[in-house]
Amino acid sequence: MILQIIEVIIIIILIGITGFLTMAELAIISSRKHKLLKLEQEGYKGARISIELLEDSTDFLSAVQIGITVSNIIIGVFGGATLAGPLSAYLAPYIPYSYTISHILIIILSTYFTLIVGEIAPKQIAINNPEKIAVKFAKEMQILSKVSAPIVKILSDSTKILLKLIGQDKIKKHEITEEEINLLIEEGIEEGNIEEDEKAIIERVFRLDAQKVDMIMTPRNEIVWLNLEDSDEENKVKIIESKRSIFPVASGELDDFIGVVQAKDILSSLFNNKALDLEKEIKTPLVVPDNLLSMELLNTFKENEHYVHMVLVVDEFGTVLGLITLNDLLEGIVGDIPGIDEMDDPKTTQLKDGSWLMDGRITIDVFKDTFGIDEQLPNEDEDNFSTIAGFILGYLEKIPTQGESFQWDKYHFEILGMDGNQIDKILIKIVDPKEKK
């Protein structure tokens, strides 16, 4: 009787060892390196070992598999061969074929507890908090790897040969993609760890890295610039009425720009009762090509601290296409900031009936975000438009007239205002697809 009790205890211990090895293995493999690095910085000694095991997991996995396999073999031997006999003797007076039935019952019970205690429960525990568990048991896993090193080497070499034969010997390093980050953000929002505003900022940062500067620039026809050929009074009026803080300066034509001036420098001279001298206050501007990416422009601002925070955007012929300030880039990340050059910013307004009133200069990205559009607009790549007005011109293939309307998909567009040949105001409504004309 005592012998059977000892055997049961051995089986319980072996099932526990199997569960421990399964939990530790999955915890280390499921751990994220950046979280382990953070735990290492916080002083967890096992974090460095976990990272080493994660980066070179072949020997570690082999050692764990050896431990699990040996435990399961011993459980089978003790369970099937040793415990079936006493149970058969107990059941013999009551049922026929008692040994066979006892053998089956022992196998079922040992398999059940091995699955629950040795597999399912440990895996669930490991998945719930992989990094903390990995750090806690990393030292034991390292010791196991060293103790079983001779056997592990044989298994590892055999595995490498097999992988080479089937063409899978090259280890591919997993790189986190933008899509995976977006999925993590969505998961964080569902769990309440990330706010909607934080998600919007992250998405704008990704967008900034993909869009060209012409998506955020103030177009040429809306640039307020100072002409050295104009009188001081004319230039003063431009400065006061525009409410801008930085102005391009040119002589005769904008393409003949000389530099930029800051309103604060001009005001400083005027407050000191000095005559207005634009040429004296001119600073060298940054000039960038129109195919530059917005994120690259942000780096350009950071690398050129001695320049004013304004750039002129030019095409391949040196023609000025628009200008961008650091505030434009900032709003590209955090969204519209009330009070910053507000008089010149394009507007979107939702009306009481659910329709939207938009300026023609609203960017395609803002338009898509407003209506939750994921797919590309018609001819978006071919026409390379950056604003809703550009989309309308490409879609209609003509300059519309005030009051003209059309429908694309479930969106009804009506041109409410024109400024010469430029689309100024647009009314956009969402209509039932059945109402398409």
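What does the accessible surface of the protein come to, and what share belongs to carbon and sulfur atoms? I looked this up and found about 26,300 Å², with 56% belonging to carbon and sulfur atoms. Accessible areas come from the Shrake-Rupley method with a 1.4 Å probe, and for residues only the protein chains shown count as cover.

**Entry: ground rules**

I am reading a predicted model, where local features need pLDDT of at least 70, side-chain atom pairs count only at pLDDT 80 or more, and totals for chains, interfaces and linings use all residues. Residues are numbered from 1 along each chain as its sequence is written, and side-chain values use heavy atoms, with hydrogens and water left out.

**Entry: confidence and overall make-up**

I checked pLDDT, the predictor's confidence in each residue, from 0 to 100. The protein has a mean of 80, and 89% of its residues reach 70 or more. Confidence is lowest in helix 8 (residues 178-191), with a mean of 72, and highest in strand 10, at 91.

I noted 17 helices and 12 strands. Helices (H or I, at least four residues) and strands (E, at least two) are DSSP runs, numbered from the N terminus. Of the 437 residues, 37% are buried. Buried means under 20% relative accessible area, exposed over 50%, and partly exposed in between (1.4 Å probe, protein chains only).

I also looked at contacts, meaning heavy atoms within 4.5 Å. Among those between residues at least 6 apart in sequence, 56% join residues at least 24 apart.

**Entry: the cores**

I searched for nonpolar cores, which are sets of buried Ala, Val, Leu, Ile, Met, Phe, Trp, Tyr and Cys residues joined through side-chain atoms within 4.5 Å. The largest has 23 residues, and Phe367, Phe391, Ile392 and Phe413 touch the most other members. At least two residues each come from strand 9 (356-359), helix 15 (364-371), helix 17 (388-396), strand 10 (405-408), strand 11 (411-419) and strand 12 (422-430). Helix 17 gives the most, with five residues. A second, separate core has 16 residues, including Leu21, Ala24, Ile28 and Phe137.

**Entry: helix 17**

Which residues of helix 17 are buried? I listed Ile388, Ala389, Phe391, Ile392, Gly394 and Leu396. Their cover includes strand 9, helix 15, helix 16, strand 10, strand 11 and strand 12. I then picked out Ile392. Leaving aside neighbours within four places in sequence, Ile392 is in contact with Glu397, Pro400, Phe406, Phe413, Ile415, Ile423 and Ile426. Just after the helix, Glu397 takes a positive phi of about 60°.

**Entry: two loop residues**

I found Asn379 in the loop between helix 15 and helix 16 (380-383). Its phi is near 60°, a positive value in a residue other than glycine. Asn379 counts as partly exposed because its relative accessibility is 39%.

Asp409 lies in the loop between strand 10 and strand 11. Its phi, near 55°, is also positive. Asp409 is partly exposed, with a relative accessible area of 34%.

**Entry: Thr218**

Is Thr218 buried or exposed? I read a relative accessible area of 8%, so Thr218 is buried. Thr218 sits in strand 1 (residues 218-219). Not counting residues up to four places away in sequence, Thr218 touches Ile223, Arg244, Leu321, Gly322, Leu323 and Asp328.

**Entry: Leu115**

Last, I looked at Leu115, which is found in helix 5 (residues 98-128). At 43% relative accessibility, Leu115 counts as partly exposed.
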